[in-house]
Amino acid sequence: MPPSYAAVLRAPHALRTFGLALVGRLSYGTVFLSLMLAFTAATGSYTRAGGLMALLGLTVSTLSPLRAGLIDRHGPRRTLPPMAAAFSLTLAALAALTWRPGAPLPALTALTAAAGITMPPLGVVMRTLWNVLLPDGPLLRRAYSLDTVCEELVFVTGPLLAGLLAAAASPSLGIALSAVLMGIGTLGLVTSPAAAHRPQGRRHRPRARVIPLAPCAAAAATGVVLGSTGLLAVAFTHRHHQPAAVAWVEAALAVGSTLGGLAYGALSRALPGRRRLAALLCPLGTGLAAAGLSPSVPVLTAAACAAGLFISPALTSAYLIADATAPPGARTRAAAWVNTALNLGAAGGTAATGVLLDALPLPLCYALAAVPAAATAAALLALPERQRDSPSAATTAHHRGMDDTTDAKEFWDARYAERDRIWSGDPNTALVREVTGTAPGAALDLGCGEGADAIWLARQGWRVTAVDISAVALERAARHAAEAGVAGRVDFQRHDLAASFPEGAFDLVSAQFLHSPADLPRERVLRTAAAAVAPGGVLLIVGHAGPPPWDPGAHPHVHLPTPDEVLESLELPDGAWRVLVSEEHERLQTAPDGRTMTRTDNTLKIRRLPA
């Protein structure tokens, strides 16, 4: 049974982090309308107010990747507080300046530009923190759907709140409230334990493209739909002599998007890919084009709701793909580029629709507004392998043969000496999924590599013995543990598991992808691992279920066992163990040529019963 949305919020620190971040993101919903109303009242000119809002939108959108890059490099705890402080102080100055008419335009321009430059990207950061709070798989996809839906609701409730404040007192009060909301939300987010996740260092790392082309194209096309729909609905309702009904059309689009996002998160069981994006963009574009043929406002309202069903799912998929294929240390930038593409698409859609409505029949305007969604879907289907939204070469799966060498130590020392970093630096998602929420104790990490799993376990409170055959990997892992501040909780030991094994009994023994091109008696090692599990403890074995999808014929003589076969090979005594998980699951992996592909792995999780 797939996990519920409640399971997302029950994850450690998830409700606190997401809830307070959402408070800060409500500032986005209130600030734009409040500023527009305040600028109009203060300058007495729609033209000047529109120009100031255009300046704000331009600076927010174009500088978003730059702010995200600072966050990727220095972490949210070091970068978000100064951004939020500068943004809140700027809004406070704008609130004071616009409280009465006659504000000087140069001062408003300077402060507006400063607000756009410093606006903290809380939404982008929250999307990257879901990877820290949750494991990959259905729970993470559900979290992204929930995030997208809630962000859309922010932009529904925020303007309503801003309008109420403007009617009751002054639009400048809405600006001041936006400053307070941003301060509270940022403080709540950066004080969450999830924000303690520090980015990996950048030294010796090859330059990599971080703009996720397919997700950005899909987001831009979705933005065009969002930007054009409002203006098209205004024109439609005016021609049917029901101008007030435009609010119902906009509400129907939002309701459809909310329902679609919640259903997508609940029903989606597989990782999204470009074909999934295309499958969502096609009905989105078709629905918009069909809406232009509506004979009446009620029919248009229903059509808007139907088209809206695909908005949140398309954006959720775009963000998920961007995150999954981003180079290490660039996830915030990848999400920021998707967000920028969405905003620029919306702005362009609104501008183009305004021009089209003055020159063409309304049904044709609807059809032309749908073209970007249809064209993007066609491109994603026709060119699945030419757009390479993939991590850097530093983290691609290696493709050396299983029989390259028979000396395991030499092989792995040489393998780790090839680059400063071989793996992503993130813990294995199966480990995070299966261990999150477990009371910490003593853990054994077999084949620890560069230490990502051991460091994650130590951060959760575990005392970790981390083992690898490569002295190069262990030295690197120890350095990473020291940088993460958990060196005192991890004991790194070098063992050739074919010849020696760490002493002691452990509450958790983790064997993540314990495969080797060199000779490794895997079954015997795993039986020894089972013997090292303390009563009540857990043995977690994760392995590949088959050859890499980019080379189906690789390693024809190597057998990769199923979870049932692994369990049988352990030769466990009857009645002494309980099977907790035995399943196959999918994840995205990057091929040596840069393609992002889906690979199937398997997980066996068993518990030794107390004597």
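Is arginine 476 buried, partly exposed or exposed, and what is its relative accessibility? In this predicted model, arginine 476 counts as buried, because its relative accessibility is 6%.

**View 1. The chain as a whole, with its helices, strands and surface.** The predicted chain contains 21 helices and 7 strands, and of its 611 residues 52% count as buried. Among the contacts that join residues at least 6 apart in sequence, 79% are between residues at least 24 apart. The chain exposes about 25200 Å², and carbon and sulfur atoms supply 63% of that area.

**View 2. The salt bridge between glutamate 450 and arginine 476.** Glutamate 450 forms a salt bridge with arginine 476, and the closest N and O atoms of the pair are 2.8 Å apart. Glutamate 450 lies in the loop between β1 (442-446) and α18 (452-459), whereas arginine 476 lies in helix α19 (residues 471-484), so the pair ties together parts that are 26 residues apart in sequence. Glutamate 450 counts as buried, because its relative accessibility of 5% falls under the 20% cut-off. Arginine 476, the residue of the opening question, counts as buried as well, at 6% relative accessibility.

View 3. The side chains of glutamate 475 and arginine 479 meet in a salt bridge, with a distance of 3.2 Å from N to O. Both glutamate 475 and arginine 479 lie in helix α19, where they are 4 residues apart, about one turn of the helix. Arginine 479 is partly exposed, because its relative accessible area of 24% lies between the cut-offs of 20% and 50%.

View 4. Salt bridges that share partners join Arg25, Arg127, Asp147 and Glu151 into one network.

**View 5. Aspartate 468, a buried residue that has no salt bridge.** Aspartate 468 has its place in strand β2 (residues 463-468). This residue is buried yet has no salt bridge, and the nearest side chain of opposite charge, that of arginine 494, is 8.0 Å away. A polar atom of the side chain of aspartate 468 does, however, lie 2.9 Å from the backbone nitrogen of glycine 449. Leaving aside neighbours within four places in sequence, aspartate 468 is in contact with Tyr416, Gly447, Cys448, Gly449, Ala473, Leu474, Gln493, Arg494 and His495.

View 6. Valine 23 is found in helix α2 (residues 14-43), and it counts as partly exposed, at 28% relative accessibility. Not counting residues up to four places away in sequence, valine 23 touches Leu181 and Ile184. Although valine 23 and leucine 181 are 158 residues apart along the chain, their C-alpha atoms are separated by 6.0 Å.

**View 7. A nonpolar patch on the surface that includes valine 255.** Val255, Leu259 and Leu309 form a nonpolar patch on the surface, and together they have about 240 Å² of accessible area. Valine 255 lies in helix α10 (residues 246-267), and it is partly exposed, with a relative accessible area of 44%.

View 8. Most residues other than glycine have a negative phi. Histidine 13, however, has a phi near 70°, and its place is in the loop between α1 (5-10) and α2. Histidine 13 counts as partly exposed, at 42% relative accessibility. Phenylalanine 513 likewise has a positive phi, near 55°, and is found in the loop between β4 (506-512) and α20 (522-531).

Definitions and conventions:
Residues are numbered from 1 along each chain as its sequence is written. This is a predicted model: local features need pLDDT of at least 70, side-chain atom pairs count only at pLDDT 80 or more; totals for chains, interfaces and linings use all residues. Side-chain values use heavy atoms; hydrogens and water are left out. Helices (H or I, at least four residues) and strands (E, at least two) are DSSP runs, numbered from the N terminus. Buried means under 20% relative accessible area, exposed over 50%, partly exposed in between (1.4 Å probe, protein chains only). Contact means heavy atoms within 4.5 Å. Accessible areas come from the Shrake-Rupley method with a 1.4 Å probe; for residues, only the protein chains shown count as cover. Lys and Arg count as positive and Asp and Glu as negative; His and the chain ends are not counted. A salt bridge is a side-chain nitrogen of Lys or Arg within 4 Å of a carboxyl oxygen of Asp or Glu. A polar contact is a pair of N or O atoms within 3.5 Å; within protein, one must be able to donate a hydrogen and the other to accept it, and residues adjacent in sequence count only if both atoms are side-chain atoms. Patches are made of residues with over 30% relative accessible area and no salt bridge: like charges are joined within 9 Å, nonpolar side chains (Val, Leu, Ile, Met, Phe, Trp, Tyr) within 5 Å.
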